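Here's a friendly walk through one protein model. Have a look at it first, then read on.

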Amino acid sequence: MTSKLLRKPMAGEVVHRITPEDAGWSYVGFEVRDVPIGTPTTGETGDREACLVLVSGKARMSVGGQDFGLLGERKSPFEGSPWSLYAPARSAWEVVAETAVELAICSAPATGKLPARIITPDEVGQETRGKGTNIRYVRNILPDTGTAESLLVVEVITPGGHWSSYPPHKHDVNDPPRETYLEETYYHRLKPPQGFAFQRIYTDDRSLDETLTVADGDVVLVPKGYHPVGAPHGYDLYYLNTMAGPKRVWRFRNDPAHEWLMA
């Protein structure tokens with residue numbers, strides 16, 4: 001039986017559509033759309049802000065009637081930092097595909113007090129985390145040091161044979177500054193695409209303890225608990241994280257059983 005935390009791609013333009021109501025939580029929304037060449041796709045943010053991430057492809061993008069021009073340059077999410085567009089609450093947006101486009105729409109509650117803006121690849125903070133087979137490469141699209149109302153967005157590349165979100169950590173208790181409550185989605189892509197990865201989600205009391213086999217294009221929901229990811233040898237793993245909660249700060253707690261790995 002398929003886990004409620006594992007979402008498989010759908011056929012058609014809308015590949016994933018995850019709402020807070022659908023996920024059974026309060027903050028994070030996430031969509032993926034495959035947009036054919038020359039085709040427009042549109043949306044309205046309502047009472048939410050959105051970060052439109054060009055996972056791949058080129059498109060002309062606009063928000064609230066403001067044309068931001070032709071954006072995007074990578075052909076694959078494994079090729080470098082993306083172009084993204086921030087759309088505030090109560091705004092309409094349009095994306096017209098110049099090439100085939102893979103578009104991610106990350107969203108969270110907002111009031112609309114911020115302007116629309118481009119997030120260029122040069123603005124995306126890049127860092128390397130971990131050591132040995134725990135090394136992974138992080139692209140901070142919309143970190144907690146960036147400007148948004150509640151939304152956090154990050155990409156991670158995990159080389160084949162490496163672990164990520166590791167040592168296992170969680171952020172399911174609203175106890176700042178030690179830990180903040182953040183819901184999270186993982187949108188997974190693999191290179192080559194026939195590969196697979198593993199993601200475990202578990203709580204201290206093991207009332208939740210699932211290990212999921214992840215294929216190319218899957219989404220994993222993390223409502224609570226620790227959530228490490230492993231990429232087998234030969235298959236590089238990309239994932240796009242969307243996070244949001246009552247406080248726009250990323251503070252986490254490592255699993256005490258595995259914190260010795262940080263030494």
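Tyr 166 has a relative accessibility of 24%, so it counts as partly exposed. Bear in mind that this is a predicted model. Trp 163 gets the label partly exposed too, because its relative accessibility is 38%. For both, the cut-offs are what matter: under 20% would be buried, and over 50% would be exposed.

These two residues also face each other as rings. The centres of Trp 163 and Tyr 166 are 5.4 Å apart and the planes sit at 35 degrees, so this pair is called tilted.

How many aromatic pairs does a search of the whole structure find? It turns up 8. One more worth a look is Tyr 186 with Tyr 239, also tilted, with 4.6 Å from centre to centre and 45 degrees between the planes. Here both partners are buried. Tyr 186 belongs to strand β17 (residues 183-191) and Tyr 239 to strand β22, so the pair ties together parts 53 residues apart in sequence.

Some tyrosine rings have a charged neighbour instead. The charged end of Arg 200 sits over the ring of Tyr 202, 4.0 Å from its centre. Likewise, Arg 117 lies over the face of Tyr 86, 5.1 Å from the ring centre.

## The nonpolar cores

Now for the inside. The largest nonpolar core has 47 residues, and those touching the most other members are Phe 30, Cys 51, Cys 106, Ile 141, Val 153, Val 220 and Leu 240. Strand β22 (residues 236-244) supplies the largest share of this core, with 5 residues.

Take Val 153 as a way in. Leaving aside residues up to four places away in sequence, Val 153 touches Cys 51, Val 53, Cys 106, Asn 140, Ile 141, Leu 142, Pro 143, Leu 240 and Asn 241. Apart from this core there is another one of 18 residues, including Val 35, Ala 59, Leu 85 and Ala 116.

## An open sheet

Next, find the open sheet built from 6 strands, which run in the order β2-β3-β10-β5-β8-β11 with antiparallel pairing. Why is one side of β2 and of β11 left without a neighbour in the sheet? Because β2 (14-18) and β11 (117-119) stand at the edges, each has a single partner strand. Going from one strand to the next, the twist averages 20 degrees.

How values were computed. Residues numbered from 1 in each chain as written. Predicted model: local features only at pLDDT ≥ 70, side-chain atom pairs only at ≥ 80, totals over all residues. Heavy atoms only, no water. Core = buried A, V, L, I, M, F, W, Y, C linked by side-chain atoms within 4.5 Å. Buried < 20%, exposed > 50% of the residue type's maximum accessible area, 1.4 Å probe, protein only. Helix = DSSP H or I, 4+ residues; strand = E, 2+ residues; numbered from the N terminus. Contact = heavy atoms within 4.5 Å. Pairing = 2+ DSSP bridges. Axes fitted to C-alpha atoms, helices over the stretch in contact; angles between N-to-C directions. Phe/Tyr/Trp six-rings, centres within 6.5 Å; stacked < 30°, edge-to-face > 60°. Lys NZ or Arg CZ within 6 Å of the ring centre and 35° of its normal.
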